Every structure is written in structure tokens, then in C-alpha cells.
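Reader: Could you take me through how covalent and charged side-chain links are read from a model, with the cut-offs stated as we go?

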Amino acid sequence: MDCGRCLFFTCVWLLLVFASSGQKVSVSFYYETLCPYCADFIVNHLVKVFENGLISIVDLRLVPWGNAFFKTDGSIVCQHGPDECLLNTIDACAINMYPDVERHFSFIYCIERLTLMNQLSSWANCFEMAGLSREPIDCYTNGYGRSLEERDFAETSQLNPPHRFVPWLVVNNQPLQEDYENFMSYICNAYKGNGLPEACLGLPLKNEYWVEKSNSINRVCYANNTLAPATNQIP
């Protein structure tokens, strides 16, 4: 095969790759590590996209900041205390150091499963269980994790509409709000690629995004549950 034909087929292949990636549904998950509803969602709901293959059509991002805030002196306050601040940063470091979503999700899943089991003291074992090194701990101790958390704070604070609670799930830039547990239906409805994944079959497709109902019962950790003066900027 001559060079010109090789170049032609290479270009066609790249176009197909870019077209396929462009058809993925964008899913951003905003959470905090010790919110029990975030833990439940990760362990019992979000994990299903990896089990049923739906992850093949999803560009999944996890943002571990949640309802934390900066005090005016520059310190970070987390809704569920210092342990949550530690684990939020550890998660941010793991996501940064292991960008493959299946790798960092397996680590985050392990921590959240321990949270639900009230065995959080064993969280460091999740590195080995997920097949990761302990470098995220160095990222936390050397201060780089702080810059990652500042980045996640900036992204979370710029959400429009602002997040009112966690878990907060955004599908193709549309917040699901209280209907977050039905996220797979929204993903399947938003997918515009060829061939609907088998995991979508039988799901009720959501044509409209959630409108809050006055009698809804919410399994969420609300924002603005603060104990000290907060600032919406990094001091």
C-alpha cells in the first residue's frame, strides 16, 4: 500500500475516533466523601454504568468538593469534618494522578463502601484494593492537593444553577437535581450515537429534566449548612 493511501486511511480512522468520542454523553458528578447519600449513590447506583457497559457512551467526571467552603482565613471547612476534607483531597489527587476513570473510580468506590460499612479507618487499604500506589497521600502532604481542591471549588462554585445539595449530577450541562437516581435514563435519552446500548433497553427515557415537587422526599446533603463565615472566593 502506497504512502498516500496509508495517510488517507489514517485520516479516516482518526475522524471516526473523534466522531465517536464526540457522541459521548457528558456526566459530571459533584460530591463530598462523607455524605451518606453520596456514598450510597456511588456504591449502589453510579457503579452500574461500569457493570452494564453504559460507561462506553459516557464521559464521566467526578468532582470531590461538595458543600465545603473557604473561611476568610483561607482554611477549608467540610460539612462532615476534617476527615472529609482529607478524603476529598485524596480523591482529587487520585483522579489527577490516575485519569483513567475506571482506575480512580474503583478507589473512590472502595472508600465510599467503607463509609457505608462504618469502617472508614481502613480507607488506606483501598490503594491496594484498587491497584494504585500511595502517591495520592504524597500529593496531599506536599500541598499539591490543595491546588486541586481550589480547582474543584472554582468549578463547583460556578455551576449554573448553583448546586443546592449533593449528590449533584449534571448530564450534558443539565442538572438532574432531585431526580439524580434516574441518571441512566437521562444518559440514554441524551445519547445521539448509532445504536442504543443494551443497558438502555427497558429504561424509561426522560424527555424533561426534573422540576422540584413540594412533597418530594430528598436523600441529599444540603449546602449552606455552615458553622462559620464562608467566602465564595479563595482567600
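Reader: Is Cys93 buried or exposed?

Author: Burial is read from relative accessible area, where buried means under 20%, exposed over 50% and partly exposed in between, using a 1.4 Å probe and protein chains only. Cys93 has a relative accessible area of 0% and is therefore buried, and Cys139 counts as buried as well, at 4%. This is a predicted model, in which local features need pLDDT of at least 70 and side-chain atom pairs count only at pLDDT 80 or more, while totals for chains, interfaces and linings use all residues. Residues are numbered from 1 along each chain as its sequence is written, and side-chain values use heavy atoms, with hydrogens and water left out.

Reader: Which residue forms a disulfide with Cys93, and how far apart are their sulfur atoms?

Author: A disulfide is a pair of cysteine sulfur atoms within 2.5 Å. Cys93 is paired with Cys139, with 2.0 Å between the sulfur atoms, and this link is left-handed, with -70° about the S-S bond. Because Cys93 lies in helix α4 (residues 82-97) and Cys139 in helix α7 (residues 135-141), the pair ties together parts that are 46 residues apart in sequence; helices here are DSSP runs of H or I with at least four residues, strands are runs of E with at least two, and both are numbered from the N terminus.

Reader: How many disulfides does a search of the whole structure find?

Author: The search finds 5, and one of them joins Cys35 to Cys221 at an S to S distance of 2.3 Å. The torsion about that S-S bond is about 95°, so the disulfide is right-handed. Cys35 lies in the loop between β1 (25-31) and α2, and Cys221 in strand β8, so the pair ties together parts that are 186 residues apart in sequence.

Reader: Which residues are linked in a network of salt bridges?

Author: Side chains of opposite charge can pair when their charged atoms come close. A salt bridge is counted when a side-chain nitrogen of Lys or Arg is within 4 Å of a carboxyl oxygen of Asp or Glu. The network links Asp40, Glu181 and Arg219: the closest N and O atoms of Asp40 and Arg219 are 2.7 Å apart, and Arg219 meets Glu181 at 3.5 Å, N to O.
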